[in-house]
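Subject: Structure handover

Hello,

I am passing this structure on to you, with my notes on what was found in it. Please look at the sequence and the model first, then read on.

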Amino acid sequence: MALLYTAAPARGAAWAAMFAEAMPELDVRLAPDIGDPADIRYLAAWTLPPGLIETLPNLDVLFSIGAGVDQLDLSLVPRQVTVVRLVEPNLAAAMAEYVAMTVLALHRDLYAYAEQQRAGVWQPLPQVPAGERRVGIAGLGQMGSAALDALKPFGFALSGWSRSPRTLPGVTCFHGDDGLRDFAAQTDILVNLLPLTPATRGILGRALFERMPPGAAIVSAGRGGHLDAAALVEALDAGRLSRAILDVTPVEPLPAGDPLWHHPRVVVTPHVAAATDNAGSGKAVLANIRRHRAGAAMQGVVARDRGY
Ligand code: NDP
Ligand code: OXD
């Protein structure tokens, strides 16, 4: 019985050492050293190397190295293979930090003060109490819930949007396509933590921006495919939106010369909001392999019809 690992080599080495101790009966193979493909029951990947999955006749589970699975072409994955995304506390904790950092920076005008400093301007801006700042989280899963927990102590007026109805203490919850309209209309800072699916592709676009209150800001740490970059630049230039903080961009790395690099009201970080942690991801995958071998439900199983 073997696990084939096909992503960053340093993490592969860390996993191999960890698994050798915790589950010696599992042979961890680091691509391209596949050995006998018939031994491989588990595959761990960020993206699928072309032509690989077809050569693994006994594959049971495909583990994503990240929380999202859109980067894996699931049409290549045989129906009998279970796809599992990463559910791991360090990932959620890192996302909570990123959201707290960016929301507070927007709320307290940090970027405006940085601009003023560059211009040598000493000018206090009006301070809005947190309770009057409406922060909306799109996506109320592992990432969204951790972000809400991090924001609660500041006293923001919190709301959230999901596909199915949710009830969360202290959070005004919206759901579904109809709920999106009302959610957007009452959100000053919108944080995107959605998975990328056919239903969410391009969601950060003109229709949404037009529903948001004038001067609203967005933070996107979901996926680049959520964003219509031209609509964003148009909304920023028209003053409809005040700022955008983007951890994910339609093309990654963001190409040289892309207008997002130099737009004065856009901040770009290079897809680092929550990086997969070597030890934490290894522990999570190991725990899921144990569950699978015991016939128990694994954590993070992807509903392939929903795409997340
Ligand atoms: P989950 O699957 O736990 O949560 C997804 C949430 O999105 C759920 O609340 C779900 O609704 C909601 N959702 C899905 N589709 C829709 C829709 N069509 N309309 C409204 N709501 C929808 O995912 P995670 O929280 O673990 O991760 C979310 C995403 O964050 C990942 O897919 C990945 O793209 C991104 N990510 C980015 C990272 C980075 O470093 N930038 C790091 C980690 C993750 P419901 O509750 O009804 O199911
Ligand atoms: C993820 C990511 O999906 O790092 O985990 O983006």
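A polar contact here means a pair of N or O atoms within 3.5 Å. Please keep in mind that this is a predicted model.

Ligand 2

With that cut-off, an oxygen atom of ligand 2 makes a contact at 2.6 Å with a polar backbone atom of Ala67. Gly68 also takes part through its backbone, with an N or O atom 2.9 Å from an oxygen atom of ligand 2. From Arg223 the contact comes from the side chain: one of its polar atoms lies 2.7 Å from an oxygen atom of the ligand. On its own, ligand 2 has 210 Å² of accessible area, and the protein covers 87% of that.

Which residues make up the shell around ligand 2? They are Trp46, Gly66, Ala67, Gly68, Arg223, His271 and Ala274. Sorted by class, three are nonpolar, three are polar and one is charged. The space that ligand 2 takes is the largest pocket.

Ligand 1

Ligand 1 has 28 residues around it, and those that come nearest are Arg85, Met143, Ser164, Arg166 and Tyr308. Met143 also has a polar backbone atom 2.8 Å from an oxygen atom of ligand 1. Two further backbone contacts go to nitrogen atoms of the ligand. In Arg163, a backbone N or O atom lies 2.9 Å from a nitrogen atom of ligand 1, and in Ala221 the corresponding distance is 3.1 Å.

As with ligand 2, the space taken by ligand 1 is described as the largest pocket.

The annotated domain

An unreviewed UniProt entry places the feature "domain: D-isomer specific 2-hydroxyacid dehydrogenase NAD-binding" at residues 101-273. Over that stretch the chain is 32% helix and 19% strand.

Backbone points to check

Most residues other than glycine have a negative phi, and most peptide bonds are trans. Some places in this model depart from that.

- The peptide bond from Ala31 to Pro32 is cis, with omega near 10°. Pro32 sits in the loop between strand S2 (27-30) and strand S3 (40-45).
- Glu252 and Pro253 are also joined by a cis peptide bond, with omega about -10°. The loop that holds Pro253 runs between strand S11 (241-246) and helix H8 (259-262).
- Asp109, a residue other than glycine, has a positive phi, near 60°. Its place is in the loop between helix H2 (89-107) and helix H3 (110-118).

Regards

Methods. Residues numbered from 1 in each chain as written. Chains lettered and ligands numbered in written order. Predicted model: local features only at pLDDT ≥ 70, side-chain atom pairs only at ≥ 80, totals over all residues. Heavy atoms only, no water. Near = heavy atom within 4 Å. Polar contact = N/O pair within 3.5 Å; in protein donor to acceptor, adjacent residues only side chain to side chain. Areas by Shrake-Rupley, 256 points an atom, 1.4 Å probe, with all protein chains shown as cover. 1 Å grid on protein atoms, 1.4 Å probe; cavity = no way out; pocket = protein on both sides within 12 Å on 5 of 7 lines; lining within 4 Å. Sits in = over half its atoms within 2 Å of the grid points. Nonpolar A, V, L, I, M, F, W, Y, C, P; charged D, E, K, R; others polar. UniProt positions renumbered as here; feature names shortened; annotations may be inferred. Helix = DSSP H or I, 4+ residues; strand = E, 2+ residues; numbered from the N terminus.
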